[in-house]
Amino acid sequence: MASIKVGIVGTGGMANAHADNFKKIPGVELRACLDIVPGRAAAFADKHGISVVANQLDDLFSEVDAVALVTPDRAHHAGVLATLRAGKHLLAEKPLTVSLAEARDVAQEAKKAHQRGQVGLVNFSYRRSAALQKAIALARAGKLGEIRHAHGFYLQSWIATPIWGHWSNEGWLWRMQTAAGSAGVLGDIGCHLLDLATAVTGEVSEARCSLSTFPKLDPDGAAHTSWNGVALDANDSAIIELRFRAGGVGVLHTSRWATGHANHLRLEVHGTLGALRFDLDRSYDELELCLGKDRNKAIWQTKKQKPAPSMWQRFVRAIKRGEPEQPDLLRGAEIQAYLDACERSALSGKWEQVERL
């Protein structure tokens, strides 16, 4: 097979991770890039040895076989649709869209693209965890029995402490502003947590969610609810309760005020026949299990898994094999339905049904 020519749309901070990972994969050529900020794409191309700096999407599409869409969240909908309609394979950044209506549009187009043989994945990057992949397999094989309870968290502290630089830096500021298209911590990293949890537990029927937004503090202790005239109004913390379609309940929480946690993701799932848990702050490959007779004495055993491929590797593998991979665009739309129920619940204060796609 000839080399797969990849184009990157959006050349901000996360685009560097895409470029670095694609360059590690044999048979992949980083061919083109595009950005709406003047000069940014050229600098990115120079840094990563990309030969074509496109001025518009059609120019980029003419050069490539596949696209990595790394734009801000509010631009995902248009970018995904344009890429699929151009007949290109797509790796889209999460969250897939910013609304359920947009997600439904994408789901319809994704089904057509799949029939044409196109690959479409969402970059839920923690799918590279071998512990998660084994957890999914065990749950689907019935090794946990009927799932009764799940709980997990995704904790960061970059608003509370300058662990990755001050929160007013360009790369972080937009994540706190709904005017910039941010869905807050719920949309940004809550989508990862919902993907991990429900990949193991199965579908959600109802959700109840509370969202909180706090004033941002300067090093001198001054509080800010806006910055340069733009409100810092995107949610900072989310507490999510879930009811699963197959029965059982779960509680997830995520925050950017979790002092002492740089980027900490953990999940625990309990069923009638056993339980499992993993902590990605400790290891991506270690899965703790309490199964069989061990569950009668609450004995946990740690099982080391072989490393799993990254999302970039999965994407390229799917293109080469012509076979689907997960998480695909329909999965991304499903997660958007969960986020939608959470957002509606935060406004109503009640349990909200997850709407079907």
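The model is a predicted one, in which local features need pLDDT of at least 70, side-chain atom pairs count only at pLDDT 80 or more, and totals for chains, interfaces and linings use all residues. Residues are numbered from 1 along each chain as its sequence is written, and side-chain values use heavy atoms, with hydrogens and water left out.

Six strands make up an open sheet with parallel pairing, in the order β3-β2-β1-β4-β5-β6. Helices (H or I, at least four residues) and strands (E, at least two) are DSSP runs numbered from the N terminus, and two strands pair if DSSP finds at least two bridges between them. The edges of this sheet are β3 (52–53) and β6 (120–122), each of which pairs on one side only. Strand β2 (residues 28–34) runs parallel to β3 and is joined to it by two bridges; Ala32 stands opposite Val52 in β3.

Helix α2 (residues 40–48) packs on this sheet and touches β1 (4–9), β2 and β3, where contact means heavy atoms within 4.5 Å. The direction of α2 makes about 160 degrees with that of β2; axes are lines fitted to C-alpha atoms, for helices over the stretch in contact, and angles run from 0 to 180 degrees between N-to-C directions. Helix α10 (residues 329–348) also packs on the sheet, touching β5 (89–92) and β6, with its direction at about 40 degrees to that of β6.

Helices α4 (residues 76–85) and α5 (residues 100–115) pack with their axes 10 Å apart, at an angle of about 15 degrees. The two helices α4 and α5 are therefore roughly parallel to each other (angles under 35 degrees count as roughly parallel, over 145 as roughly antiparallel, 65 to 115 as roughly perpendicular and the rest as oblique). His77, Val80, Leu81, Leu84 and Arg85 in α4 meet residues of α5 including Glu102, Asp105 and Val106. By class, this contact of α4 with α5 has six nonpolar, one polar and four charged residues (Ala, Val, Leu, Ile, Met, Phe, Trp, Tyr, Cys and Pro count as nonpolar, Asp, Glu, Lys and Arg as charged, and the others, Gly among them, as polar).

Tyr154 stands opposite Thr254 in β14, while Ile240 has Leu252 in β14 as its bridge partner. Four residues lie between the strands in the hairpin of β13 and β14, where Gly247 takes a positive phi near 105 degrees.

The axes of α6 and helix α8 (residues 184–201) come within 7 Å and cross at roughly 30 degrees, which makes α6 roughly parallel to α8. Leu132, Ala135, Ile136, Ala139 and Arg140 in α6 meet Leu196, Ala199 and Val200 in α8. This contact of α6 with α8 comprises seven nonpolar, no polar and one charged residues.
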